[in-house]
Amino acid sequence: MVWPRSRGFAAIAMVALELQPFSALAQSTSAIQVDGTSFALNGDNVSYRFHVDNETGDLITDHFGGLVTEDPISVEIDFVQGWVTKIGRVRREFPDLGRGDFRTPAFQIRQAQGYTVSQFQYQSHDVLEGKPGLPGLPSTFGDSEDASTLVVHLYDNYSSVAADLSYSIFPKYDSIVRSVNITNKGNGTITLEKLASLSVDLPDEDLDLLELKGDWSREGHRVRRKVDVGTQGFQSTAGYSSHLHNPFLALVSSTATESQGNAWGFSLVYTGSFAVDVEKGSQGLTRATIGLNPLQFSWKLRPGQTFTSPECVSVFSEAGVGGMSRQFHRLYRKHLMKSKFAEETRPSLLNSWEGLTYGINESSVTRLAQESADLGAKLFVMDDGWFGNKHPRTSDTAGLGDWQVNKDLFPNGLEALVDDVRDMGLQFGLWFEPEMVNPVSELYEKHPDWAIHAGSYPRTETRNQLVLNLGLPEVQEFVIDSVSNILNSAPITYVKWDNNRGIHETPDPNLDHRYMLGVYRVFEELTSRFPDVLWEGCASGGGRFDPGILQWFPQVWTSDDTDAVERIAIQFGTSLVYPPSAMGAHVSHVPNGVTQRSTSVSFRAHVAMMGGSFGLELDPQDLDEDERAQIPDLLALAEKINPIIVRGDFWRLALPEDTDYPAGQFISEDGSQVVLFAFQTRATINNAWPWFRLQGLDPQARYSVGDTGRTLSGKTLMNAGIQLQFEGDYDSQVIILEKQ
Ligand code: DGJ
């Protein structure tokens, strides 16, 4: 199409885009196709295509969505009218600022001379088998059977800076993983002021943005809003991924539901501050960028140095938001989590925190452990309050940093305690918060400079503690040694790694990222030294529920809010991107400590058993007789279905924000077992009882339905469903279906 020449504006002649048809390769099924300088990545149900613009050397996107076999027919831009030239009108892979694209850039580099203009042009590319790791950063992994990688090498001749864009495709999961390397090949020092891990331009006019928002005890709440003209975004500046927003966004067609419609999900594999920008530009295209937060990033690269961005996983699904989530879950279980426990069933546990808080000592812990064993738990976890001698950790005011067991509280030492607990038939787990220090501690007396601080500015305390500078190698060594010493001193099989505040006074904008690289080094070292330990992440609940953590810790404490009603929203929201197998979920006392709500013990347990790591977090002494009598059976049920929760697929059948009857469903990996979780959060009167229509079943197969004595076809279960009756607020049912 030729644009009409303008009367008032200068009309700029543009060379037509010359799209290369993938003539010879059009029918090929290989995951990466290259035809000259046109590239295609194909998954089972996704295609991603881009090419090099012959005139400018820029990378232009042709398609990201459902499977296509060749480049679609598109309109060539011959002439443009107005201020926005061709570069600002097309879909770009690595957009810059300063050459006429007025939208959000993916990067900004301050050259040695001070300019912030860049002009990257295609130079060459490589196709690799498998998925390479990233130096010092968490990353997805896969061998040649799982993934293929395309690396496109770009170069800016004016500044002598190289950019390598990496695209790995995991065809089975319809996932494309992107990251960027910037190398300074010139003679002066350059500064990276912004570097997104991914920038994507989608042509669809009518998109919604999905994200997870929250706060302490209110993590993972799903938000959906229309993408409108201008920029919308969210970020973390907390130094960690944080409770406030998650490093994840999805763009979905406005008509997409849980089970149908196009959904593009983007998940940043990183634990530090991040930024997401979504911009619908004047031409109607939507650009999304996600990566390190430029507010805390200004990275100098001396000649010869390279900087690697964290990676971003993109998933496309035509099967709605649920289809997108299940692809993330499978990919993360199989190709992100390195722990040997990633797809293992988890021991049901009792954690001491809500039951004893700081009332920890040999006799209280021994009693609690014995009661856990009597109820049928398999792992006892001693939470906060066991360490510090000069400054005992008897409250949150002292002791962090002094990782020695308190001799007064445990006169016989840790090993004797662990042995006693193991004699009860339980494994033993322990809580740490190694990245922190209380000013009231021996560590702080010795190393006040190890706490993050900015010169003489006040060191603001949160929960009476400061953050240790994990960017310093000596602090990394201290943490590795402290945790190793304890783990070597007794047969401990589980660690809960907590982190209870954000980072405040950073002395320079790069501390956040250096800190994170230090944390990752510590995680890598400790999990390699102790591969048989089940590591659980925690940050005042779910303040660091992110893919970076999952690389080393296969589970995360989802929220300090253990109220079962709130938890449905938190767990369903978190499952937008993270597998239920990774969620720690516990039954606590009522009235709930956070919401003051009371629900039945079975309701609390049914919600909690949708998480991979099920447990109790209470003092059994405080249970009434009826509750206590139900717990052994609830623990047994949780154990029975745990393999399906940990390895199966999750379907959100009805969302808590839409209905008083939220429901979820798991299907085992081989499809032979199904577990339906159905809840009534608010009783009503004179309404028909709700129907729960199952999804993802084999339509031809027959399934036995719980203890009804009935067997129904997949078709009937999916099209008619099961009608259930409830009693009162907060009632629940768990129904196991077996394929015949
Ligand atoms: C915050 C965690 O989220 C809780 O589960 C508990 O471990 C406390 N810290 C202990 O201080």
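## A loop residue with positive phi

Thr357 sits in the loop between α2 (353-356) and α3 (362-375). The model is predicted. Phi of Thr357 is near 40°, a positive value in a residue other than glycine. Most residues other than glycine have a negative phi. Thr357 is partly exposed, because its relative accessible area is 36%, and the buried class ends under 20% while the exposed class starts over 50%.

Asn464 also has a positive phi, about 60°, although it is not a glycine. Its place is the loop between α5 (442-446) and β27 (466-467). At 30% relative accessibility, Asn464 counts as partly exposed.

## Domains

The protein has three parts: domain 1 (32-335), domain 2 (349-648) and domain 3 (673-739). Between the C-alpha centres of domain 1 and domain 3 the distance is 41 Å.

UniProt, in an unreviewed entry, lists "domain: Glycosyl hydrolase family 36 N-terminal" for residues 84-301. In the model, this span is 0% helix and 48% strand. The end C-alpha atoms of residues 84-301 are 32 Å apart. A UniProt annotation from an unreviewed entry, "domain: Glycosyl hydrolase family 36 C-terminal", covers residues 662-737. That span is 8% helix and 41% strand. The end C-alpha atoms of residues 662-737 lie 19 Å apart.

## Helix α1

Helix α1 runs over residues 320-335 and has 16 residues. From its first C-alpha to its last it reaches 22 Å. That is close to the 22 Å expected at 1.5 Å a residue.

Of the 16 residues of α1, 14 are buried, so the helix is largely enclosed by the rest of the structure.

## Around the ligand

The ligand is surrounded by 14 residues. The closest are Asp383, Asp384, Lys496, Asp498 and Asp560.

Some polar distances can be given one by one. A polar side-chain atom of Lys496 is 2.7 Å from an oxygen atom of the ligand. For Gly541, a polar backbone atom lies 2.9 Å from a ligand oxygen atom. For Trp431, an N or O atom in the side chain is 3.1 Å from an oxygen atom of the ligand.

## Two buried loop residues

Ser118 belongs to the loop between β7 (107-110) and β8 (121-129). Its relative accessible area is 2%, so Ser118 is buried; the limit for that class is under 20%. The side chains of Ser118 and Gln111 are joined by a polar contact of 3.2 Å. Leaving aside neighbours within four places in sequence, Ser118 is in contact with Asp96, Arg99, Phe107, Ile109, Gln111 and Asp156.

Tyr270 is in the loop between β17 (263-268) and β18 (274-280). Tyr270 is buried, with a relative accessible area of 2%. Its side chain makes a polar contact of 2.7 Å with the side chain of His513. Not counting residues up to four places away in sequence, Tyr270 touches residues including Leu137, Ser241, Pro247, Leu292 and Pro310. Asp512, His513, Met516, Tyr520, Asp546 and Gly548 are also among the residues it touches. Tyr270 and Tyr661 are 391 residues apart in sequence, and their C-alpha atoms are 35 Å apart in space.

## A buried strand residue

Phe248 lies in strand β16, which spans residues 248-253. Phe248 is buried, with a relative accessible area of 0%. The C-alpha atoms of Phe248 and Ala275 are separated by 9.8 Å. Along the chain, these two residues are 27 residues apart.

Leaving aside neighbours within four places in sequence, Phe248 has contacts that include Leu210, Glu211, Leu212, Phe234, Gly265, Phe266 and Ser267. Ile290, Met324, Phe328, Leu576 and Val577 are also among its contacts. Met324 and Phe328 fall within the residue range of helix α1, 320-335.

## A cis peptide bond

Most peptide bonds are trans. Val590 and Pro591 are joined by a cis peptide bond, with omega about -10°. Pro591 is found in the loop between β31 (583-588) and α10 (601-608).

Key: Residues are numbered from 1 along each chain as its sequence is written. This is a predicted model: local features need pLDDT of at least 70, side-chain atom pairs count only at pLDDT 80 or more; totals for chains, interfaces and linings use all residues. Side-chain values use heavy atoms; hydrogens and water are left out. Domain bounds come from an automatic or database domain assignment. UniProt positions are given in the numbering used here, feature names are shortened, and annotations may be inferred rather than shown by experiment. Helices (H or I, at least four residues) and strands (E, at least two) are DSSP runs, numbered from the N terminus. The expected span of a helix is 1.5 Å times one less than its number of residues. Buried means under 20% relative accessible area, exposed over 50%, partly exposed in between (1.4 Å probe, protein chains only). A polar contact is a pair of N or O atoms within 3.5 Å; within protein, one must be able to donate a hydrogen and the other to accept it, and residues adjacent in sequence count only if both atoms are side-chain atoms. Contact means heavy atoms within 4.5 Å. A residue is near a molecule or strand if one of its heavy atoms lies within 4 Å of it.
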